[in-house]
Amino acid sequence: MSKYIVRGGLPLAGKIKVHGAKNSILPVLAASLLNKTGEQIRLEKVPALYDVRAMISILSGLGAQVDRDGEDLLLRTANVDCYHVPDALMREMRSSIFLMGPLLGRLGRARLCYPGGCAIGIRPINLHIEGLRALGAVIEEKDGYIEARGQLRGGEVDLAYPSVGATENLILAAATAQGETIIRNAACEPEIVDLQKFLNILGANIKGAGSPVIKIKGVPGLHGGSFRVFPDRIVAGTYLLAAAITGGSVTVEEVIPEHLQALLRLLRQAGVSVMVAGSSVTVSGGRLKAISRVETKPYPGFPTDLQPPLVACLTLASGSSTMIEHVFKGRFHHVAELRKMGARISVHGHRAVISGVPLLKGAVVRATDLRAGAALVLAALAARGESQILGIKHIERGYDRLPEALRSLGARIFRVDGVEKEAIS
Ligand code: UD1
């Protein structure tokens, strides 16, 4: 089995660029289904992530032609005529639920089994389904399948919770529906803004992304175009936290610092020096201080995806920190693994109390989900001795060549190849 071997204890130093955002590219790929013309869509600099490959396989299975041109992806979707997403691929990742909106928009029909994805607690899709029903879809759930059909028309949807995925699914469904759709209490994450940008380039008429009210005037169809998704704010945050936990100094370049504000505030509270200059952010760590209370929240709050990596950092902070996970209640799988490295963390429901220790020690640990895996990598970079990180398929869902990236900053981290590498290539 493939794994990462990490020899910890070195402060990271240097400059690094960040690849395109996984959580932008996935809905953007799903959106390509709304282009019925023979025109090509070019997506620039698409990272080679496991989830991206899985989404490409799904699109190909539905009839799309997807080619690589260097780092770019070329998509032709004129021949998409299949509305049934293959079960095995659907279970590969949760983001495949985005396909329901565009398949309904394009073919008036979609058949999917329940989506897979990270094991970070119950991830219902009721908001997706209720929203699509408000746009005229008839949806039945039986025998583990979701069957949706109907000619979509504009409607008003008031989301009970600002779900990122439901907001994206509804935007995708409404883009080519007849009439106007208003989504209230929409998610405000930057990835929604990126999706709006892409769809408008393809001829959609969408306004308001980034705010809680999004208005979509349906257009008859979309066309081709070129787009590059923005830099991945979670990957950027992971590199900055890697600097903090190792007491090093790292500059992430070509990022959008505004997307990182919540993290940067917390890093300052933890006694880390943070400098922002244009599109670069530099973090220089020292002895970390505990942060009394951190809560994950929808954007612009502190993102749940950076919770596990920040918890890893707080294990080495002097004093006691409390992390409250509001977004995904079950998201503490990294805690048991961090304990194997000497961390002192207790979990009470959706609250973790982290009592800082002076050092972590290397151990054999397993990534159970994507960001839990990132947390283990960070802990291993700071730990004394050697660590082995198993379950790296999860990490490679969202980080493109993480060992190479971290080695460019002076880390000693190596991928030992095995069966998993063949599975994703
Ligand atoms: C997206 C991101 C993920 C991030 C999350 C929150 C992608 C591919 N993934 O996931 O990295 O951690 O946003 O920022 O973009 N919920 C319901 N019913 C629903 C949908 C969601 O109750 O129909 C709940 C979820 O269980 C969870 C919360 O809403 O507790 C947030 O989920 P959501 O915002 O939908 O996250 P995802 O789109 O799955």
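**Figure 1. The interface between domain 1 and domain 2.** About 1,800 Å² is buried between domain 1 and domain 2, and carbon and sulfur atoms give 55% of this area; buried area is the accessible area (1.4 Å probe) that two parts lose on being put together, summed over both. In domain 1, Tyr299, Phe328 and Arg397 lose the most area to domain 2, together 34% of what that side buries. The model is predicted: local features need pLDDT of at least 70 and side-chain atom pairs pLDDT 80 or more, while totals for chains, interfaces and linings use all residues. Residues are numbered from 1 along each chain as its sequence is written, and side-chain values use heavy atoms, without hydrogens and water.

**Figure 2. The two domains.** Domain 1 covers 3-19 + 231-416 and domain 2 covers 22-227, with bounds from an automatic or database domain assignment. Their C-alpha centres are 30 Å apart. The contact (heavy atoms within 4.5 Å) takes 22 residues from domain 1 and 20 residues from domain 2.

Figure 3. Helix 9 spans residues 261-269; helices (H or I, at least four residues) and strands (E, at least two) are DSSP runs, numbered from the N terminus. Its buried residues are Ala262, Leu263, Leu264, Leu266 and Leu267, where buried means under 20% relative accessible area (1.4 Å probe, protein chains only). Among the elements covering these residues are helix 8 (233-246), strand 15 (273-277), strand 16 (280-284), strand 17 (293-295) and helix 10 (307-314). Glycine 271, with a positive phi near 85°, follows helix 9.

Methods:
Buried means under 20% relative accessible area, exposed over 50%, partly exposed in between (1.4 Å probe, protein chains only).
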